[in-house]
Amino acid sequence: WLKRSHLQDHCLSSLFRLCTRPPPPPKMPNAEKLAKKQAYFDKLIDLCVNHPQALLVGIDHVASKQMQDMRIELRGKAVVLMGKNTMIRKGLSMGHEKYPEAGLDKLRAGINGNMGFIFATNCTLDDIREVIKQYRMTAAAKTGQTSMVDIALPSGPTGMDPSQTAFFQALNIGTKIVKGQIELVTDFKILHVGVKVSPSAAVLLGKLGIKPFEYGMEVQQVYQDGSVFAAAVLDIKEDVLITKFLGGVANMAAFSREVGIPTECGLPHAMGNAFKNVAALVGDIDFTFKEVEEV
């Protein structure tokens, strides 16, 4: 038997008590927090039901000053509502139970990532998009950041003195010294979409004063009258819609004429063909009327 000291016994007994101790009961939120959550849920549901036109916007890399400026610009026209995704989903679930016809379940399915809502209360969705386009901010490239654009350095003078050629050599960029400054021999693509920014590229772009990235709210989806669809639908012009609609009407008329089932789309064609048959018949007999005289 191994003799244990008093200190070892004390440590073992303490460890046993810690392992067998029941977990503390979860802390319940106080009444103030519950009231704030309920007020948020009520506001979200009210906006979805009474103002069912909203843009779902992504707010990655958006500065607080940008958000403040857009809120001020949209004041009285629209309501900007942000929040945690868990709270948004909870509020939309509660709203769907109360208003199942509002399509809040479809809206809940689109909640993903760092995003929020802009509800149009006294303006159109296009007006909100115009405001969003106004508040975009350029930013410098940072090391390790994933590039969102392709950037190429043009050939020619850079304005940098010959002592800074090391930055170009680190990226294998061909240079030459002309009149006391560095010139690029050929164009060089320094950033690629989806590729992380290297430390040398970030430093060089900073030296050249180039801010390649632009941040702002990005419209991801649209919520309108219980439906959720992609933001690209808003870019469809009215003439495109009319052309598509007329093409569908023509297809329906051709199909109805082919199968011999009269429809409203095929009625003008049926009347035209009937008139042609009557004109052909009148041409073979000694009879005429006003409408066929010109034919």
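# Salt bridges, strands and burial in a predicted model

Reader: In which helix are lysine 65 and aspartate 69 separated by about one helical turn?

Author: Lysine 65 and aspartate 69 are four residues apart, so about one helical turn separates them. Helices are DSSP runs of H or I with at least four residues, strands are DSSP runs of E with at least two, and both are numbered from the N terminus. The element that holds this pair is helix 3 (residues 64-74).

Reader: On what basis is the model read, and what pLDDT do local features need?

Author: Residues are numbered from 1 along each chain as its sequence is written, and side-chain values use heavy atoms, with hydrogens and water left out. This is a predicted model in which totals for chains, interfaces and linings use all residues, side-chain atom pairs count only at pLDDT 80 or more, and local features need a pLDDT of at least 70.

Reader: What N to O distance is found where the side chains of lysine 65 and aspartate 69 meet?

Author: Lysine 65 is partly exposed at a relative accessible area of 47%; buried means under 20% relative accessible area, exposed over 50% and partly exposed in between, with a 1.4 Å probe and protein chains only. A salt bridge requires a side-chain nitrogen of Lys or Arg within 4 Å of a carboxyl oxygen of Asp or Glu. The side chains of lysine 65 and aspartate 69 meet in such a bridge, with an N to O distance of 3.0 Å.

Reader: Is arginine 129, which forms a salt bridge with aspartate 126, buried or exposed?

Author: Both residues belong to helix 6 (residues 125-134), three residues apart, and their closest N and O atoms are 3.7 Å apart. Aspartate 126 is partly exposed at 43%. Arginine 129 has a relative accessible area of 15%, so this residue counts as buried.

Reader: Which residues join arginine 136 in one network of salt bridges?

Author: Arginine 136 and glutamate 214 meet in a salt bridge at 3.2 Å, N to O. Arginine 136 lies in the loop between helix 6 and strand 4 (137-139) and glutamate 214 in strand 10 (residues 213-215), so the pair ties together parts that are 78 residues apart in sequence. Salt bridges with shared partners join Arg136 into one network with Glu214 and Glu218.

Reader: Which side chain of opposite charge is nearest to glutamate 183?

Author: Glutamate 183 lies in strand 8 (residues 181-184) and touches Gly156, Pro157 and Val178, among others, where contact means heavy atoms within 4.5 Å. Lys and Arg count as positive, Asp and Glu as negative, and His and the chain ends are not counted. Glutamate 183 is buried yet has no salt bridge, and the nearest side chain of opposite charge, 4.5 Å away, is that of lysine 176.

Reader: Which residue stands opposite leucine 55 in strand 11?

Author: Five of the six residues of strand 1 (residues 53-58) are buried, so the rest of the structure largely encloses this strand. Strands pair if DSSP finds at least two bridges between them; strand 1 has five antiparallel bridges to strand 3 (residues 115-120). Six antiparallel bridges join strand 1 to strand 11 (residues 218-224). In strand 11, the residue opposite leucine 55 is valine 222.

Reader: How many disulfides does the count give?

Author: Cysteine 48 is buried at 1% relative accessibility, and cysteine 123 is buried at 18%. A disulfide is counted where two cysteine sulfur atoms lie within 2.5 Å. By this rule the number of disulfides is zero.

Key
Lists of a residue's contacts leave out its neighbours within four places in sequence.
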